[in-house]
Structure formats: structure tokens, C-alpha cells
Amino acid sequence: QVQLVESGGGLVQAGGSLRLSCAASGFTSNYYAMAWFRQAPGKERGSVAGINWSGSSTYYEDSVKGRFTISRDNAKNTGYLQMNSLKPEDTAVYYCNVRRCGQFTCSDYWGQGTQVTVSS
């Protein structure tokens with residue numbers, strides 16, 4: 001059974017840092033992309049950052065470039081999102097996503113989310 005468990009959220013002052021973790025289990029291999037999404041109250045869920053299976057390629061949403069860093073440790077089946085210089089507008093529930101693709105289709109898996117609150 002595939003499971004994603006996020007941790008590391010919390011309350012931090014503006015300018016502070018947090019490190020989110022996403023522990024993956026139930027996958028038979030590490031050949032999947034990982035991503036972080038976030039959803040603020042009253043807004044749609046949107047992507048924040050993503051990383052390919054090997055870690056050789058990453059992308060970031062414009063508002064987090066230079067402040068957030070996505071990484072993964074395949075030996076630990078864990079992904080990370082290091083968030084620095086946090087701003088109140090970063091406040092949201094952060095979700096870990098894994099996309100695994102077969103020959104014709106892809107499947108998305110989601111964690112339960114972790115709350116990040118940045119106070120001004």
C-alpha cells in the first residue's frame with residue numbers, strides 16, 4: 001500500500017526557516033517524480049517545487065525561487081523541501097505528491113498535508 005507522510009510543518013516568524021519531509025512507502029522502486037504543492041485558505045492547490053527521480057532536475061514556482069530547495073534521498077525513500085526566508089504569503093497546507101508513470105498512464109499519490117504558518 002502506497003503511503004506518503006509529511007512532517008516538519010509548524011509556526012514560524014517571517015524570515016525564518018522550516019524543513020518539510022515526505023516519507024514514501026509501498027513503492028517498488030524510486031523511479032518516480034516528487035513534488036510539493038500548497039493550498040492556502042480560499043485558494044486552489046498549486047505546485048511549489050518538483051524533482052525528478054534521480055534528483056538531477058528540479059523546478060520551482062517563481063515566488064519561491066531562491067528561497068526554497070527541493071531534494072530527495074532515495075536510500076531513505078524521503079523527499080525534502082527546505083524553506084528559507086519565509087513570508088506570510090507562504091502560509092498554507094503543504095502536500096507531498098508522487099507521480100509514477102507506466103507505459104501509457106500516470107498515477108498521482110498524495111500525503112495528508114502539513115500546515116505551515118508564517119507570522120508577520
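Predicted model: local features only at pLDDT ≥ 70, side-chain atom pairs only at ≥ 80, totals over all residues.

Me: OK. How many aromatic pairs does a search of the whole structure find?

Reply: Four aromatic pairs turn up. In one of them, the ring centres of Phe27 and Tyr109 are 5.4 Å apart and the planes stand at 90 degrees, so this pair is edge-to-face. Phe27 is in the loop between β3 (18–25) and β4 (33–39), and Tyr109 is in strand β10 (residues 106–110), so the pair links distant parts of the chain, 82 residues apart.

Me: What makes a pair count, and what are those β labels?

Reply: Rings of Phe, Tyr and Trp (its six-membered ring) pair if their centres lie within 6.5 Å; planes under 30 degrees apart are stacked, over 60 edge-to-face, and the rest tilted. As for labels, strands (E, at least two residues) and helices (H or I, at least four) are DSSP runs, numbered from the N terminus.

Me: Is Phe27 buried or exposed? And what about Tyr109?

Reply: Phe27 has 15% relative accessibility, so Phe27 counts as buried. Tyr109, at 22%, counts as partly exposed.

Me: Which rings are linked into a cluster?

Reply: Phe27, Tyr32 and Tyr109 are, through ring pairs.

Me: And charges? Which residue lies over the face of Trp110?

Reply: Arg45 does, at 4.7 Å from the ring centre. Elsewhere, Arg19 lies over the face of Tyr80, at 4.0 Å from the ring centre. The rule for a charge over a ring is NZ of Lys or CZ of Arg within 6 Å of the ring centre and within 35 degrees of the ring normal.

Me: Switching topic. Where is Asn77, and what is its phi?

Reply: Asn77 is in the loop between β7 (68–73) and β8 (78–83). Its phi is near 55 degrees, a positive value in a residue other than glycine. Ser85 has a positive phi too, near 50 degrees, and is found in the loop between β8 and β9 (92–101).

Me: Now the strands. In what order do the four strands form an open sheet?

Reply: The order is β1-β3-β8-β7, with antiparallel pairing. The edge strands, β1 (3–7) and β7, each pair on one side only. Two strands pair if DSSP finds at least two bridges between them.

Me: How many bridges join β1 to β3?

Reply: Five, and these two strands run antiparallel. Val5 stands opposite Ala23 in β3.

Me: Last one: how many disulfides are there?

Reply: The count is two disulfides, where a disulfide means a pair of cysteine sulfur atoms within 2.5 Å. Cys22 and Cys96 form one, with sulfur atoms 2.0 Å apart. The torsion about their S-S bond is about -75 degrees, so this disulfide is left-handed. Cys22 is in strand β3 and Cys96 in strand β9, 74 residues apart, which links distant parts of the chain.

Me: Are Cys22 and Cys96 buried or exposed?

Reply: Cys22 is buried, at 0% relative accessible area, and Cys96 is buried as well, at 0%.

Me: And what about Cys101 and Cys106?

Reply: Cys101 and Cys106 form a disulfide with sulfur atoms 1.9 Å apart. The torsion about this S-S bond is about 105 degrees, so the disulfide is right-handed. Cys101 is partly exposed, at 43%, and Cys106 is partly exposed, at 43%.

Terms used:
Residues numbered from 1 in each chain as written. Heavy atoms only, no water. Buried < 20%, exposed > 50% of the residue type's maximum accessible area, 1.4 Å probe, protein only.
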